[in-house]
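The sequence and structure are shown first.

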Amino acid sequence: MPATDPHSEIGAVRKRRAHKKSRRGCRNCKLRRVKCDETRPQCQKCSVYGVVCNYDPNTPDLQVASAHGLHFPAVAPKASLIQVERPPSPLRSAMICADAATSFELDTDCLDRLERFRARTVFSFGEDAMGKLYQGKILEMAFYNPYLMHIILTLTAAHDRHLTTPGHSRRTLTEIYHSTQSVALFNRKLSKPLQPQDQDPLWATATLIGIIVFSSLDASSPEEAWPLKPDDPSDLEWIRMSEGKAAVWQLANPMRPDSVFRVMADMYMELHSPIASVGSDGIPPELASLCGLEETSTPENNPYFMAVHTLAPLRRLPREQRTKTVALRFIAGMQPSFKKLLEEKDPVALVLLTLWYDASAPVIWWIERRAVVEREAICLYLRRHYQENTAVLELLP
């Protein structure tokens with residue numbers, strides 16, 4: 001039995017009145033198990049509910065009317081309405097997200113989130129091409145790939161939280177529910193042989209899961225956050241997530257000729273564009289000294305090399321000129337040796353991470369919550385354990 005969204009409004013139990021069945025009603029009303037008034041061409045029940053009435057066999061089932069600003073695909077041909085055992089609710093099922101193995105109902109709350117995703121959240125990604133892609137083709141794919149639909153609903157709920165409660169960092173039950181469902185279905189899909197049509201939905205999901213992992217910080221104070229709190233396997237989950245995304249990139253190959261992500265080729269090229277291969281040109285002297293950068297330094301002989309060379313250009317830019325792509329190069333270019341230093345709480349690595357949080361949080365909303373809490377936690381940790389290291393302490397923001 002499929003679980004329901006924990007934030008769906010549950011109405012009081014009401015006694016259902018008996019009524020005569022409609023014999024010539026539209027298919028939408030039959031799917032929704034409500035009596036159709038048989039008004040043509042648009043029955044009142046469909047009009048009030050905001051879907052296109054479908055007496056005509058060529059009209060898709062339960063398609064949201066364009067007046068709502070949404071143009072979602074029809075229900076998959078083999079999908080069937082799943083009845084969920086729960087108290088009667090004023091919210092009725094409007095659409096179904098389904099693939100060959102899984103399906104779930106999209107109630108009014110879900111549809112409202114999808115509208116906010118389409119009209120607002122997609123454009124918070126910061127790149128026009130990415131926003132338009134997720135607003136159109138990726139959203140359409142979500143109706144046939146439940147793991148993608150769940151993560152879209154998660155991201156929108158997280159964005160809602162960011163906009164409405166900026167000082168609150170704990171995830172809502174809606175976020176936890178949909179993210180858990182998405183990850184479980186996503187892992188199940190990856191455990192089976194993949195078909196060509198799976199590639200783009202998988203990469204879209206991996207990208208959004210990466211955002212969710214970064215925004216999902218349950219610590220509400222620095223003392224509860226890494227690196228101050230006792231070590232926890234989930235502390236640097238966002239680093240492990242970046243490694244997982246690299247594996248999905250190989251499977252999905254988003255830059256293949258038939259991928260919908262080809263429109264983002266320029267952004268991906270900028271994200272992974274080469275940096276200096278040797279030396280310390282462009283690095284502030286205090287940072288170069290802290291990291292031991294010299295004329296002969298390279299990514300191979302200095303574990304801080306890539307981090308410093310992606311951080312310095314970002315910090316030089318005025319805040320209004322910083323883009324998400326430039327900010328995210330710090331993560332994209334992390335060396336394995338630098339990640340290991342972060343896990344070991346190396347003071348220099350912690351300083352660089354803190355400076356990146358300080359520079360990127362104002363332009364990337366899903367980083368801001370983690371940056372605020374962990375940045376302060378890192379500063380407290382370094383001041384407590386490295387009181388004598390003035391080179392480290394003087395660079396803290």
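This is a predicted model: local features need pLDDT of at least 70, side-chain atom pairs count only at pLDDT 80 or more; totals for chains, interfaces and linings use all residues.

The buried positions of helix 6 are Thr174, Glu175, Tyr177, His178, Ser179, Ser182, Leu185 and Phe186. An α-helix has 3.6 residues a turn, so residues three or four places apart point the same way.

Helix 6 comprises 18 residues (residues 173-190), which at 1.5 Å a residue should span 26 Å; the C-alpha atoms at its ends are 26 Å apart, so the two values agree.

## The second largest pocket

The second largest pocket holds about 730 Å³ of space. It is lined by 28 residues, of which Lys245, Leu271, Leu328, Ile331 and Ala332 are the closest to its centre. By class, 18 lining residues are nonpolar, five are polar and five are charged.

Helix 8 (237-252) contributes to this lining, as do helix 7 (199-215), helix 9 (265-271) and helix 12 (324-332), with at least two residues from each. Helix 8 provides the largest share, seven residues. In terms of domains, domain 2 (96-216) and domain 3 (270-394) each give at least three residues to the lining of the second largest pocket.

## The chain as a whole

The protein chain contains 16 helices and two strands. Of its 397 residues, 51% count as buried. Among contacts in the chain with a separation of 6 or more, 65% join residues 24 or more positions apart.

How values were computed: Residues are numbered from 1 along each chain as its sequence is written. Side-chain values use heavy atoms; hydrogens and water are left out. On a 1 Å grid over the protein atoms alone, a cavity is a set of points where a 1.4 Å probe fits but cannot get out, and a pocket is an open set with protein on both sides within 12 Å along at least five of seven lines; lining residues have an atom within 4 Å of a point. Grid points are joined across faces, edges and corners, and a volume is the space filled by probe spheres set on the points. Helices (H or I, at least four residues) and strands (E, at least two) are DSSP runs, numbered from the N terminus. Ala, Val, Leu, Ile, Met, Phe, Trp, Tyr, Cys and Pro count as nonpolar, Asp, Glu, Lys and Arg as charged, and the others, Gly among them, as polar. Domain bounds come from an automatic or database domain assignment. The expected span of a helix is 1.5 Å times one less than its number of residues. Buried means under 20% relative accessible area, exposed over 50%, partly exposed in between (1.4 Å probe, protein chains only). Contact means heavy atoms within 4.5 Å.
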